[in-house]
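Hello,

Here is the structure I promised to pass on. Please have a look at it first, and then read my notes below.

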Amino acid sequence: MLQYCVPATKGGLTVKVLKRPKSSPKKPWKKVVTCRGDELTGVKGCSAKLEINEKDLKLFHFFGTHFKHTYLSVKCPFCGAIIQKLSLPQYVYDRWENNHPHATQSEFDGFSEMD
């Protein structure tokens, strides 16, 4: 095992690094999902199996009791249902935000806690 001595930025100590941290994956993220619809907005799913990737992600929002909530997801190309409960790794969020630094436009998903 390789060991590195890295000078610390504070305190003048030298830290022995036993294992380097994993860097974020360089491969593009993709996932296979099934369209199950959206109970909250009443859109029924069509059971289509979709392979989605980072380029398919879009910013959506709904209204909570106090403010607007935004999230990343995809819309089924067949029935128009938004794929809910899409779990994304943190590096996908980070890369999306880096590629869309001024993203303020989001699509309303039809749900509001205000009603």
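A residue is called buried under 20% relative accessible area, exposed over 50%, and partly exposed in between (1.4 Å probe, protein chains only). This is a predicted model, where local features need pLDDT of at least 70, side-chain atom pairs count only at pLDDT 80 or more, and totals for chains, interfaces and linings use all residues. Residues are numbered from 1 along each chain as its sequence is written, and side-chain values use heavy atoms, with hydrogens and water left out.

Let's start with Ser73, which is buried at a relative accessible area of 0%. Ser73 belongs to strand β8 (residues 68-73); strands are DSSP runs of E, at least two residues, and helices runs of H or I, at least four, numbered from the N terminus. A polar atom of the Ser73 side chain lies 2.3 Å from the backbone oxygen of Ile83.

Next, the aromatic rings. Rings of Phe, Tyr and Trp (its six-membered ring) pair if their centres lie within 6.5 Å; planes under 30 degrees apart are stacked, over 60 edge-to-face, and the rest tilted. That rule gives one aromatic pair. Phe60 and Tyr71 have ring centres 5.9 Å apart and planes at 25°, so they are stacked. Because Phe60 lies in strand β7 (residues 58-63) and Tyr71 in strand β8, the pair ties together parts 11 residues apart in sequence. Phe60 is buried at 0% relative accessibility, and Tyr71 is buried at 17%.

Finally, in helix α1 (residues 90-99), Tyr91, Val92 and Trp96 are buried, while Gln90 and Asn98, on the other side of α1, are exposed.

Best wishes

How values were computed:
Polar contact = N/O pair within 3.5 Å; in protein donor to acceptor, adjacent residues only side chain to side chain.
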